[in-house]
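Please open the model in a viewer and keep the selection panel at hand.

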Amino acid sequence: MKISYLKYAALAAVMSLGSCSNDYLDTDPTNKTSPDVVFQTTENVKMLVNGLAKIMTAQHISSQGFNGEGTIKLYYGEYPGQNFRANMKGAAGDQVMGKHFLTLDSSYNYFPWHYYYMLIGNANDVIENVDSATGPESDKKDLKAQALGYRAYAYTMLLQIYGQRWVDSNDGKFQALPLRLTNKEPKDLEFATMADVYAQIYEDLNNAKAFFSSTNFDRKAENFVINKDVIHAIHARAALNRQDYATAAQEAGLAREKYPLMTTEEYQNGFATPNSEWIWSSYGASTEQLHYYSYFAYVGYNANTTQVKSYPKRIAKELYDVLPDTDIRKGLFLDPRPYPSDSYNHDDGIVKSAKAQMNVDAREKYPDLDGAAKVAAYMQFKFKANELPGVGHLNHFRASEMLLIQAESKYYLGDEAGANELLVELNTKTNRDPDYTVNKNGNELFQEIVKYRGLELWGEGFDWFDYKRWNKTIVRLSAAEGGNFSTSLAGEMAPDYGNKWTYKTPNKENDYNHGNK
């Protein structure tokens, strides 16, 4: 029997999202539904596991901007980075400037903790209880493997936010997180070291691979379901952050084996529908939408939301300027060079008049732009909502990221020829830039990887995480300095700023955990 993603509402909504507890960031799992009912059959457990996917695109902490994984991508991966430009104000502007690393009562500080420990808590319930359910043994193994994948993914992301860079962690001795492997853990659980958390991530992923291998699990066309390829992808990303480059390269290669890089037509199709290279995503349809809360309601250029109409999202001029004009990806951003320099405001990029040729041309080329939307120099047309106000499938892993993990890992492993070959595969063989060639080594090769990782993955939630991993200063240039960042948000963020870009443990966790770190 096929379990629909939509059936989550019947059971898992009560279990996962409706079972909130005020004393621990609203992350407690199934305490309002009897485990005897929930884990009675594997069919019930399938609904709960599908519910984990729903948590990734649900509204959280009773706030419009906090929508699960889309918020992590936008608020944490892109806003405080270097290549993504948005004229945000207030608390969102402070997030751009990295001012929430130490604000322990801010929603920006505790949202990731709330969200990922909610995933972990519900995954733990599956891992602990699925064996007692009535149903095929193969289903139990597949469900446990998926839950292990969710837990490993959540801890991987938590370490990037609340853990230090591996290079700064004293070989993993930094105590970052409580390692909750059962929902029976005491409240005063000691914090684990980063090395211990990574070891658990690896163990969970290896166990998940073994389960999937024993059942030959096939998720069919359900891209939101975790399968063995997703497990390899999680392992690759975790290993890259752990600076375990041999493992990262191997796992990334395995993850993308069945996912050919997308065609140029697919690349220009709005990034809201799974295609050949999407390894894992969250389901997005009109019946599942978050209306004005979703990722695409904040990013999709055609969304009819204030966040899009008033704050068009833009690429950094510094990155745009170094890209070849032959690259089809460069064409996904509004090029201001053919137009008079005085036709737009250089601080926020907004055109000054509806009659300005830049505005006229943009609306002619993209007629689905909302009539009230502001047009801006360097604005993006990569992301397009499938339905209004902001409906779309949200990608989490695709083959291009895996290829770039391989390239970066090979660079650090000394295989510079292999890294060059991968860049050619990404850019030339896909016709994303048919004129692209590369033969670089040393720091020049690393900077080439940085550039094309920034271009290929723009807007998908990697920018800040990448710069943190690289221990690299973020530089945002104003128009006067040759960039296009608004003056109020321009500046530098050095690697030692704000607890080394490491979010401090939220006060709500400290209160719950009796004052641990």
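## Salt bridges, rings and a buried loop residue

Select aspartate 229 to begin: at 6% relative accessibility, this residue counts as buried, where buried means under 20% relative accessible area, exposed over 50%, and partly exposed in between (1.4 Å probe, protein chains only). This is a predicted model, in which local features need pLDDT of at least 70 and side-chain atom pairs count only at pLDDT 80 or more, while totals for chains, interfaces and linings use all residues. Residues are numbered from 1 along each chain as its sequence is written, and side-chain values use heavy atoms, with hydrogens and water left out.

Lysine 258 forms a salt bridge with aspartate 229, and the closest N and O atoms are 3.9 Å apart; a salt bridge is a side-chain nitrogen of Lys or Arg within 4 Å of a carboxyl oxygen of Asp or Glu. Aspartate 229 belongs to helix α9 (residues 228-241) and lysine 258 to the loop between α10 (245-255) and α11 (264-267), so the pair ties together parts that are 29 residues apart in sequence. Helices (H or I, at least four residues) and strands (E, at least two) are DSSP runs, numbered from the N terminus. In contrast to the buried aspartate 229, lysine 258 is exposed, with a relative accessible area of 60%.

Next, select glutamate 277 and arginine 398. Their salt bridge has its closest N and O atoms 2.9 Å apart. The pair links distant parts of the chain, 121 residues apart: glutamate 277 lies in the loop between α11 and β4 (278-282), and arginine 398 in strand β6 (residues 394-398). Both residues are buried. By the stated rule, the count comes to 32 salt bridges.

Lysine 382 lies over the face of phenylalanine 271, at 4.6 Å from the ring centre; a charge sits over a ring if NZ of Lys or CZ of Arg is within 6 Å of the ring centre and within 35 degrees of the ring normal.

Move to lysine 330, which is buried, with a relative accessible area of 4%. Its charged end sits over the ring of tyrosine 320, 4.7 Å from the centre. Lysine 330 also forms a salt bridge with aspartate 325, with the closest N and O atoms 2.8 Å apart. Aspartate 325 counts as exposed, at 57% relative accessibility.

Now display the aromatic side chains. Rings of Phe, Tyr and Trp (its six-membered ring) pair if their centres lie within 6.5 Å; planes under 30 degrees apart count as stacked, over 60 as edge-to-face and the rest as tilted. The count comes to 47 aromatic pairs by this rule. In tyrosine 116 and tyrosine 153, the ring centres are 6.4 Å apart and the planes stand at 70 degrees, so the pair is edge-to-face. Tyrosine 116 lies in helix α6 (residues 107-129) and tyrosine 153 in helix α7 (residues 137-162), so their pairing ties together parts that are 37 residues apart in sequence. Both tyrosine 116 and tyrosine 153 are buried.

Finally, select methionine 88, in the loop between β1 (84-85) and α5 (90-96). Methionine 88 counts as buried at 7% relative accessibility. Leaving aside neighbours within four places in sequence, methionine 88 is in contact (heavy atoms within 4.5 Å) with Tyr79, Gly93, Val96, Gln307, Tyr311 and Leu489.
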